[in-house]
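Visitor: I've got a model open and would like to learn how to read it. Could you walk me through it, feature by feature?

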Protein chains: 4
Amino acid sequence: MTKLDAVLSDLVIANRILAHEGVVDGLGHVSVRHPEHPDRFFMARSRSPELVTLDDIMEFNLDCSPIDQRGRVMYGERPIHGAIYEARPDVGSVVHNHAHELIPYSVTKSALRQIIHMAGGMGRHVPVWDIRDEFGDTDLLVRTLEQGRSLAKTLGNNSAVLMRGHGCTVVGASVRDAVRIAIYLMLNARLQTDAMRLGDVCFLSEGEAQATANMAASPLVVDRIWEYWLHRSGYLPDS
Amino acid sequence: MTKLDAVLSDLVIANRILAHEGVVDGLGHVSVRHPEHPDRFFMARSRSPELVTLDDIMEFNLDCSPIDQRGRVMYGERPIHGAIYEARPDVGSVVHNHAHELIPYSVTKSALRQIIHMAGGMGRHVPVWDIRDEFGDTDLLVRTLEQGRSLAKTLGNNSAVLMRGHGCTVVGASVRDAVRIAIYLMLNARLQTDAMRLGDVCFLSEGEAQATANMAASPLVVDRIWEYWLHRSGYLPDS
Amino acid sequence: MTKLDAVLSDLVIANRILAHEGVVDGLGHVSVRHPEHPDRFFMARSRSPELVTLDDIMEFNLDCSPIDQRGRVMYGERPIHGAIYEARPDVGSVVHNHAHELIPYSVTKSALRQIIHMAGGMGRHVPVWDIRDEFGDTDLLVRTLEQGRSLAKTLGNNSAVLMRGHGCTVVGASVRDAVRIAIYLMLNARLQTDAMRLGDVCFLSEGEAQATANMAASPLVVDRIWEYWLHRSGYLPDS
Amino acid sequence: MTKLDAVLSDLVIANRILAHEGVVDGLGHVSVRHPEHPDRFFMARSRSPELVTLDDIMEFNLDCSPIDQRGRVMYGERPIHGAIYEARPDVGSVVHNHAHELIPYSVTKSALRQIIHMAGGMGRHVPVWDIRDEFGDTDLLVRTLEQGRSLAKTLGNNSAVLMRGHGCTVVGASVRDAVRIAIYLMLNARLQTDAMRLGDVCFLSEGEAQATANMAASPLVVDRIWEYWLHRSGYLPDS
């Protein structure tokens, strides 16, 4: 399997895992930067992640134009992905989702903060982007590169950005990285909401946040949990 | 497939989707107006939505009398559907459900309001109808056309009406429309309840409500998510 | 199928339905009074409801002694059932469960009250029995007829009694009756808990409670929902 | 089946049950002390519990060194297990998990206390261990025997210890014992959180805690519920 094949295989698996773990429902999408051409990225045609196969994967320029459309319908929110790859050379994969647990943190003043070690990599700060601030009344979708760049600017050097009344975008060095952070960010939100009901919450310190980021990205953890998520998704990769 | 066949196929699929997504349980029902005879509508015989097949579909006049009963048992709450088709020529489909997330908004003074973009089409206002106001102590079912018309009056030009201690009725231009709004109205309620625990909530503006209504009804979104819901339901349409 | 066969078939199905709907987990039990000998009742040998088959059904006297034990292990809490059949000639079936949603109402001063029409039959009052009041420190199980009679006394003429730190016991005229009330009592608790978070709750009036009790027990509703629950349980009766 | 075979079979089943009941996800682990060599214990190689088979089981000394590694990757947190077996001769099995319901009690001042009879054996006191107290900023994993011994010290003679921002460790005389307590401890946490929303909570008395510990460990209960959990897990032991 070439490096490109491996990346595309992981991309399809990521679609299935994100759907099965409830990070995405019928909507949401995940992309990966081309491993040899950093000015391109891959993402499925407009299709629910749970149904995506290798045949659905399309290739795009960073301006979100398709390399070879062949009549396929494309996700409207490609600019989320293109604009982030443009602004963040360190980012290798982007997950956009509407995970239910995150929405309350996008529409209130409560800040999402790391409460469990497995959310290592979610970062010290999860900013909230409100499309209304810059673009007034819209349908909340990120439809233009200008909107995508505004989102990327709010994301800054963080790992995730909440989108008011809409959802969240998570980035990682690789597909497995972005998927892992997306899943545990969602879980962190659920547990934070539960814990806040019981009283003052003890969050991770800055040193712990850094140490858990390294731990959660280590092969000992990632390989074990990726095998588990793949198994649960019920998807059987070809190869 | 004729237009009528397509409409009836969607109606059966709608039953399965609503059951699988938890909008209805063993009770609840969905109907569609006859595409050629606007003074008639289709709905299953008295059967749980999860089990409905094409053979179960019956045809009714707007006064809720059956065209050809053939001894089949009918839903007792047909007047919900007949009265709304009578009052609202723009309505092509009606979903009646007891979705759990909605009930708390039917028995308290908390107003259900749009918090996420995908609930586009739920409208700016979701009125609450209390059968006791006009009809005193009942079993809360809408058993007569008079009760159905009272409900339709409270529905007004909105997309949904809550029924105190009972459930909800949602309308749409088509079956897919009504199903989509019913599912996301339920999700909106869950997220609003969660968000209100965290502090003051930022709801969508009037302009955003209108723009998201258009977006959520667009083929780009509807086709993708209908394919997803159908797949999840496990139902295989004949065709 | 004789009347006895039909009753026993319903009893096995009830075990499967209660397990699938989450009313019971590995523990809990359901019994039915003998249709011809009102001084006897049927219940499974000591086995998780999800696994009960016709072969597991045993027959008991009202003092909870087995008619023909044949070495089978018996539920320790048979006195719940025997004592209620003894005290309440109108009761044809008893369900004992630990449904999670009900526990909070057994350990706090919050009263469980009817909030939805489908909980018709749960009654105006759900008393709480605390075994400690009369028997001091125990393992909370109802192990003796004396304890069972104390529970039956607190149940009185109601449809359900909560047991502090333990669970709930529901009665009905028939198996289908008791199962229906047990399922909707659990749902009513969940919705009441959710609704109380939103503000003051509007409960059903006394007249509505009576009318919905009649409605929920009517064949139009019961037949439809029993078919649905049976289908969901995945159990195939021998017929 | 020899005693050793029976113990190892239960260990594999325990992995499957804990995964299916949601006590562990892709992470977490369960171990058992060697029935003939109390200075050794068994635990899977580094693998998600849901996927563990008999072939994955490895044998360790109490210092957590493997008897015969054969290149297999090992769980990093073996010191949790080794240190507890060292400190507690009465302990025959250890479960380490990240059950979601427990996390809020690890990061707030709310004490977890017994609210239901089936949590018998969880003990009167569930201490919280914060790795930061003794070891400063870490990734929260228990990576050294020194850290394991610190955890074992906080566990003391209790049945469970919460780990701040991380999870929980439960001990029992046997695998079935530790599994049962782990599952009901999780459920107890959920119900306690729900009950505290409704008002002041009535917890079990000291006498009830002791009596329910005996009851919950009795064959009448354990055999019934172990059969149920095994069935639900879908795992078929070789026998």
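Guide: Happy to. Keep in mind that this is a predicted model. Let's begin with a pair of strands: in chain A, strand 1 (residues 29-33) and strand 2 (residues 40-44) pair in the antiparallel sense over 3 bridges.

Visitor: Which residue stands opposite Ser31(A) in strand 2 of chain A?

Guide: The general idea is that strands of a sheet pair through backbone hydrogen bonds, either parallel or antiparallel. In this case, Ser31(A) faces Met43(A) across the pairing.

Visitor: And in what order do the 7 strands of the chain A sheet come?

Guide: Read across the open sheet of chain A, the order is 3-2-1-4-7-6-5, with mixed pairing. Strand 3 (57-61) and strand 5 (128-129) of chain A are at the edges with a single partner strand each, so one side of each has no neighbour in the sheet.

Visitor: Let's move to chain D. How are strand 1 and strand 2 of chain D joined?

Guide: They run antiparallel and are joined by 3 bridges. The two form a hairpin, with 6 residues between them. Look for Arg33(D), which stands opposite Phe41(D) in strand 2 of chain D.

Visitor: What does strand 2 of chain D do with strand 3 of chain D?

Guide: Those two also pair in the antiparallel sense, over 5 bridges. Phe41(D) stands opposite Phe60(D) in strand 3 of chain D, while the bridge partner of Phe42(D) is Glu59(D). As a general point, side chains in a regular strand alternate between the two faces of the sheet.

Visitor: Is strand 2 of chain D largely enclosed or largely open?

Guide: Count its buried residues: 4 of the 5 are buried, so strand 2 of chain D is largely enclosed by the rest of the structure.

Visitor: At what angle do helix 1 and helix 8 of chain D pack?

Guide: Helix 1 of chain D packs on helix 8 (residues 219-233) of chain D at about 70 degrees, and their axes are 9 Å apart. That makes the two helices of chain D roughly perpendicular. Residues that meet there include Ile13(D) and Ile17(D) from helix 1 of chain D, and Trp226(D) and Leu230(D) from helix 8 of chain D.

Visitor: How many disulfides are there over all chains?

Guide: The count is 0. Take Cys64(A): the closest cysteine sulfur, in Cys168(A), is 18 Å from its own, too far for a bond. Cys64(A) is also buried, with a relative accessible area of 4%. In chain D, the sulfur of Cys64(D) is likewise 18 Å from that of Cys168(D), its closest, and too far for a bond.

Visitor: Do the copies meet through the same surfaces or different ones?

Guide: Only 6% of the interface residues of chain A are also interface residues in chain D, so the copies meet through different surfaces.

Methods. Residues are numbered from 1 along each chain as its sequence is written. Chains are lettered from A and ligands numbered from 1 in the order in which they are written. This is a predicted model: local features need pLDDT of at least 70, side-chain atom pairs count only at pLDDT 80 or more; totals for chains, interfaces and linings use all residues. Side-chain values use heavy atoms; hydrogens and water are left out. Two strands pair if DSSP finds at least two bridges between them. A disulfide is a pair of cysteine sulfur atoms within 2.5 Å. Buried means under 20% relative accessible area, exposed over 50%, partly exposed in between (1.4 Å probe, protein chains only). Contact means heavy atoms within 4.5 Å. Axes are lines fitted to C-alpha atoms, for helices over the stretch in contact, and angles run from 0 to 180 degrees between N-to-C directions. Angles under 35 degrees count as roughly parallel, over 145 as roughly antiparallel, 65 to 115 as roughly perpendicular and the rest as oblique.
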